[in-house]
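Let's take a walk through a protein complex together. Keep the picture beside you as you read.

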Amino acid sequence: MVIVLGVESTAHTFGVGIVSDEPRILADSRFNYVPEKGGIHPREAADSFIKNAPRVLREALVQANLTIESIDAIAVALGPGLGPCLRVGATAARALASYYGKPLVPVNHAVAHIEIGRMLTGARDPLVVYISGGNTIIAALHGGRYRIFGETLDMALGNFMDTLVRELGLAPPYIVNGVHVLDRCSEGGKFIDLPYVVKGQDTSYSGLLTAALKAYKSGARTEDICFSAREIAYSSLVEVAERGVAQLGKKEVLLVGGVAASRYLVEKFKTMSEYRNLRIYVVPPKYAVDNGVMIAWTGLQLFKKGVTVEPERAVVRQRWRLDSVDVHW
Amino acid sequence: MTASTYIGRVDKVIYLGAEALVAEGEFLGRRVVFKQRISKPYRAPELDKVIIHRRTLSEARILTLLEQAGVRVPRPVFIDPLVGLIVMEKVEGVVLRDALKDLDRESACRAMASAGTEIGKIHRAGVAHGDVTTSNMILSKDGSVYIVDLGLAKHIEDIEDMAVDIHLLIRVLESSHYLVKDELFKCFISGYREIVGDDLTRKILDKVSEIRMRGRYVEERRVRKTN
C-alpha cells in the first residue's frame, strides 16, 4: 500500500490530506482564512497559514492514526495560486521531505481539482468545467494533457460573484450555510438588461461587473441586479460548455472547483444535459473547495509514475498553467 | 421553421450546432439555407429572447452590409429576429476544407487567394468574421470562394480584431492542412494584400505574431515562468 500526504495552500485554505491507493481518504484537515473585510489579503492569509500549519499537519496524522515515518511521499501544490500563500505550503512540504527523507511530488492545483472530481464521481472522459475563485476553465483530456477549450478572458467566475456581492454591501461572508450570497440575493429578482459576453469560446465577466455596479448606483433593485448578473454569468458559462461538448463530442461533463457547489448553476447544466443527452457529474461540495486530499490523491498518481522533484528545485509557480502539465495516467 | 410551412419547405438538416440549426430547402421559389437559432432552456426566458434577437439581427445586418459591399456572402432573403430565423440564398459549391484535399497545387492556391480577397473585402468593410476556417468557405463552380457563417462577426474596433481572424485561419491550416499550410497561407495573403494594401497587411501580420506570442490560444499557449 502506498500512502501520500498532500499539502494545499494556494489561496485561502491551508489543508493537509492523506490518502492511500486502496483508494481511501485517511485524513482531511483544513484551516480556512476568512478575511474580516474585503477579499483575500495574500500576506495576511500566509501569516495565518504559518500560525496554523503545524496544528493542521498534526491533526491530519492523528486522524489517519499514522506517524510521518509511515508516509511514502509528500505531495505539494506548487501552483497556480497566490505567491505568499503557496510559499507556506511549499516550505512546509520541502521541510518534511528533506527532514524525513521522503520523496517530494509537485502537484498542479488545477489538475488536482479535476482528478479528485474524477475519482469521486467516476467520470471517465468528461468535458471538465473548472470554476472557482481564481479559475474559470473548460478543458478536456487529449494527447496526455488537459487542453483548454475555453476560459475566462478576465475575472474568474467566483471572483466575479464575490466582488459583486461585496460591492453591493452584502458580503463578506460570501457563503452562508453553503449557499453563495449571490444565489441568496437573486431571489425574487427580475431580469434587467446587462451585457452578455461570449467571445468565441471564452467568457468574460469584468464588463458585466462594471455594468451591474453602474445599475446599482443608478438605483436598480439589488435583487434584480443579483438575479440578472447571475443569470448572465452562469448562462455564458453553460453556452461555452455546450459548444465544447458539441465540438469535442463528449458525453460527460464534470463540474469541479468551489463554484461547482452552486446548486443553481448545476441546475442549468442539468437542463442543458437533458436535451444534449449528457451525464453531469459534480464533485461533492466538501471536495469542490480547496483541500489537501486532492493534492495527496493527485500526488499519489504522479508518485506511482515516478514524478518527483528535489526539494531545492521545488519552487512555487504562481501561473502554472493547466495545459502545461503532462497527465500520465 | 415557422415561416417555411407556408411559403417554402425544408429539405434536410445540414448541421445542428450548439447555437443554431442549419437546414437547406426552398423559400419563395429559391434554393435557400435556413439558419434557426435555438432557444436554450437553461437561460432565463427574458435573457434567451434578448440573446437570440440580438445575434440574429446583428448577423443579418452584417450579411446585408457585406453583400452590398460586394463581398461573396450568402444574400439574406428573409429575417425574423424575434424567432431567430435567417433565410439566405444557398451558395452552390463545395466546402473548401474538403475541396483542398482534391485540388492540385495551382487550383488550391487560386482558391486560397480568392478566400484571401473575400476576407480582405470583409475587413475593408469594417467587419471581423470571428470564425475564419476553411469549413466556413465555399468553393463555387467558377473557382471563386464564398464566405459563410457570419454568426460570430462583429464590427472592427481595432487592428487586433483583424489579426484574430488571420490568426484563427493559421490555426486551422496548421491542424487541418498541415502539410501545405505555409504555401496555402502565402496564397491566402497574396489575395488579402491586394485588397487591404501592403502597409496594413504588414501591421496585421505583426499583430498576429504578437497574439501567437501572447499565447492566449490552446496550441500556442506558453507557460510564463515565474519564481
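Which β-α-β unit do S13(A), helix H8 (residues 263-276) of chain A and S14(A) make, a right-handed or a left-handed one? The three make a right-handed unit, where right-handed means that, with the strands pointing away from the viewer, the path from the first strand over the helix to the second runs clockwise. The names come from DSSP runs: helices are H or I runs of at least four residues, strands are E runs of at least two, and both are numbered from the N terminus.

Before going further, a word on what you are looking at. This is a predicted model, in which local features need pLDDT of at least 70 and side-chain atom pairs count only at pLDDT 80 or more, while totals for chains, interfaces and linings use all residues. Residues are numbered from 1 along each chain as its sequence is written, while chains are lettered from A and ligands numbered from 1 in the order in which they are written.

Now look at the sheet in chain A. Five strands lie in the order S8-S7-S6-S13-S14 and form an open sheet with mixed pairing; two strands pair if DSSP finds at least two bridges between them. S8 and S14 of chain A are the edge strands, each pairing on one side only. From one strand to the next, the twist averages 25°. Axes here are lines fitted to C-alpha atoms, for helices over the stretch in contact, and angles run from 0 to 180 degrees between N-to-C directions. H8(A) packs on this sheet and touches S13 and S14 of chain A, its direction making about 160° with that of S14(A). Contact between two residues means that their C-beta atoms, placed from the backbone, lie within 7 Å.

Why is S13(A) largely enclosed by the rest of the structure? Five of its five residues are buried, so the strand is largely enclosed. Buried means that 20 or more other C-beta atoms lie within 10 Å of a residue's own; exposed means 12 or fewer, partly exposed is in between, and C-beta atoms are placed from the backbone. In a regular strand the side chains alternate between the two faces of the sheet. Here A:Glu252, A:Leu254 and A:Val256 point one way, A:Val253 and A:Leu255 the other way.

At the other end of the sheet order, strand S7 (residues 136-142) of chain A and S8(A) run antiparallel, joined by six bridges. In this pairing, A:His142 stands opposite A:Arg145.

Let's move to chain B. Here five strands form an open sheet in the order S1-S2-S3-S5-S4, and the pairing is antiparallel. Its edge strands are strand S1 (8-16) and S4 of chain B, and the twist averages 20° from one strand to the next. H2(B) packs on the sheet, touching S3, S4 and S5 of chain B.

Helix H2 (residues 45-68) of chain B has 24 residues and reaches 34 Å from its first C-alpha to its last, close to the 34 Å expected at 1.5 Å a residue; the expected span is 1.5 Å times one less than the number of residues. Its buried residues include B:Leu47, B:Ile51 and B:Leu66. Just after H2(B), B:Gly70 takes a positive phi of about 80°.

Where do the chains meet? The contact takes 25 residues from chain A and 18 residues from chain B. On the side of chain A that touches chain B, the largest share, seven residues, comes from H7(A).

Finally, how confident is the predictor? The complex has an ipTM of 0.81 and a pTM of 0.82. Chain B averages a pLDDT of 88, with 91% of the residues scoring at least 70; pLDDT is the predictor's confidence in each residue, from 0 to 100. Over residues 215-227 of chain B, the pLDDT is below 50. Where pLDDT is low, the predicted coordinates should not be read in detail.
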